[in-house]
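My notes follow in the order I looked things up.

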Amino acid sequence: MIRKLSSSGKWLERHYRDQFVKKARYQNYRARSAFKLIQMDDKYKLLKPGMIVIECGAAPGSWTQVLVQRLKLEPPNPNPTGAVIAVDLLNFTPVDGAICLPKTDFTNQLCQARIIEALNGRKADLILSDMAPNVTGHHSVDHERILSLVNSAFRFSTVILKPGGTFLSKIFNGNLTDEFIHSLEKHFDSVRQVKPEASRGDSTEIYILASKLKKNYFE
Ligand SMILES: C[S@@+](CC[C@H](N)C(=O)[O-])C[C@H]1O[C@@H](n2cnc3c(N)ncnc32)[C@H](O)[C@@H]1O
């Protein structure tokens, strides 16, 4: 007998067969998306102990777990100079070693002011945006909504990053991608599109890696 699956049944079947779901369970990551950051870091060497990293869209916290591990911020002997500030609209269980701001809208100026205050005059090395809106299923709407979130993180990055700093952001690929990349190119020496293996092939999700914030931005 041929068994027909509903779309939620197909999602569940794919989820349980997914190698990154299994690996996340064995390695105690809160979500399979941990492996997207791990793969991008393994390839582009984004993370080092001593860095200051701001993470926008952090819940449930799997990227925060990776950041705390790779920046060596885990208690009881955390690296004394590094920091991770992890923000999400949703509530999420704090990750030891990171400054977590749950129930906080990153696009709100008060949130950005809190981050500046927490940094106490220091600038960040890296801004990550894995923020995503609640998807509507209409690609152009979801594409524009994610770009509006990411543009808020981009504007903040030009204020809070050190010269030479890095901005990595998730978008849903679409007709405004080139325009977004061009605006990044005005501020960063190198901008490239990245699709880690753990990002599902049938998803329009891509990451834009903008490296080396130009020094002359500050002159
Ligand atoms: C794909 S999830 C992030 C997953 C996370 N990187 C991880 O690995 O655990 C996207 C997150 O973006 C958050 N988000 C969306 N809009 C936001 C906003 N304005 N401010 C902060 N977080 C936001 C959502 O609440 C959601 O938790």
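**Ligand site**

I started with polar contacts, meaning N or O pairs within 3.5 Å, and found a polar side-chain atom of Asp105 at 2.8 Å from a nitrogen atom of the ligand. A polar backbone atom of Phe106 is 2.9 Å from a ligand nitrogen. On the oxygen side, I noted a backbone N or O atom of Ala58 at 3.4 Å from an oxygen atom of the ligand. I then checked burial (Shrake-Rupley, 1.4 Å probe): alone the ligand exposes 600 Å², and the protein buries 87% of that.

Before going further I wrote down the ground rules. This is a predicted model, with local features needing pLDDT of at least 70, side-chain atom pairs counting only at pLDDT 80 or more, and totals for chains, interfaces and linings using all residues. Residues are numbered from 1 along each chain as its sequence is written, and side-chain values use heavy atoms, with hydrogens and water left out.

Which residues come nearest to the ligand? I got Ser33, Ser62, Asp88, Asp105 and Asp130, out of 20 residues around the ligand (a heavy atom within 4 Å). By class, I count ten nonpolar, six polar and four charged residues in that shell, with Gly put among the polar ones and Tyr, Cys and Pro among the nonpolar.

**Salt bridges**

I searched the whole structure for salt bridges (a Lys or Arg side-chain nitrogen within 4 Å of an Asp or Glu carboxyl oxygen) and got eight. One I looked up is Arg32 with Asp18, at 2.9 Å from N to O. Arg32 is in the loop between α2 (19-26) and α3 (34-44), and Asp18 is in the loop between α1 (7-17) and α2, 14 residues apart. Helices here are DSSP runs of H or I with at least four residues, and strands are E runs of at least two, numbered from the N terminus.

I found a cis peptide bond from Ala59 to Pro60, omega near 5°; Pro60 is in the loop between β1 (52-56) and α4 (62-70). Another cis bond joins Pro75 and Pro76, with omega about 5°, and Pro76 is in the loop between α4 and β2 (83-87). Last, I noted that Lys45, which is not a glycine, has a positive phi near 50°; Lys45 is in the loop between α3 and β1.

How values were computed. A polar contact is a pair of N or O atoms within 3.5 Å; within protein, one must be able to donate a hydrogen and the other to accept it, and residues adjacent in sequence count only if both atoms are side-chain atoms.
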